[in-house]
Amino acid sequence: MKNSCRFAVLLILFLISISVHTEAEVIALTPDTFSDKIKEKDTAWFVKFCVPWCKHCKNLGTLWDELGKAMEGEDEIEIGEVDCSVSKPVCTKVDIHSYPTFKLFYDGEEVAKYQGKRDVESLKAFALEEAEKAAEKALLGTDKEL
């Protein structure tokens with residue numbers, strides 16, 4: 001009996017560790033966190049702006065979570081989301097007028113708006129390409145200052 005309890009506890013811990021590591025890496029951004037997060041030095045933020053009642057947002061299903069999971073190995077790209085129904089000041093500040101809207105920010109500046117296909121591969125390719133361009137542009141800007 002003692003061994004079976006120990007086994008059950010170990011099995012539960014193992015299953016919890018698996019579920020923690022397989023969760024998508026999407027960070028919910030709020031009025032309290034948005035500005036500080038997107039200003040993180042040398043970090044791109046690809047952010048989805050949505051509202052719960054929007055049918056187009058609902059139709060995305062788990063796409064954004066799947067993208068977050070696909071981007072886990074990318075050190076300088078973060079995937080975020082803003083619920084504009086509760087974070088109106090954020091959405092107003094970055095000029096969101098339709099849902100869903102996808103924008104990429106780098107060092108606190110909006111650098112690109114995504115308007116392509118809504119699949120993980122296309123979103124990931126966009127984020128990687130635009131983040132690289134933004135990083136190169138930022139690097140060139142710091143070289144000029146020296």
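This is a predicted model: local features need pLDDT of at least 70, side-chain atom pairs count only at pLDDT 80 or more; totals for chains, interfaces and linings use all residues.
Residues are numbered from 1 along each chain as its sequence is written, and side-chain values use heavy atoms, leaving out hydrogens and water.

Five strands form an open sheet of mixed pairing, in the order 1-3-2-4-5, with strand 1 and strand 5 as its edge strands, each pairing on one side only. Strands (E, at least two residues) and helices (H or I, at least four) are DSSP runs numbered from the N terminus.

| Strand | Residues |
|---|---|
| Strand 1 | 26-28 |
| Strand 2 | 44-50 |
| Strand 4 | 101-106 |
| Strand 5 | 109-114 |

Helix 4 (residues 63-70) packs on the sheet, touching strand 1, strand 2, strand 3 and strand 4, where contact means heavy atoms within 4.5 Å.

T43 is found in the loop between helix 2 (34-38) and strand 2; T43 is buried, with a relative accessible area of 10%, buried meaning under 20% relative accessible area with a 1.4 Å probe, protein chains only. Not counting residues up to four places away in sequence, T43 touches E76, E78, F105, Y106 and D107. With that same exclusion of residues up to four places away in sequence, the contacts of F34 are L29, F49, V82, V90, V94 and F105.

How values were computed:
Buried means under 20% relative accessible area, exposed over 50%, partly exposed in between (1.4 Å probe, protein chains only). Two strands pair if DSSP finds at least two bridges between them. Axes are lines fitted to C-alpha atoms, for helices over the stretch in contact, and angles run from 0 to 180 degrees between N-to-C directions.
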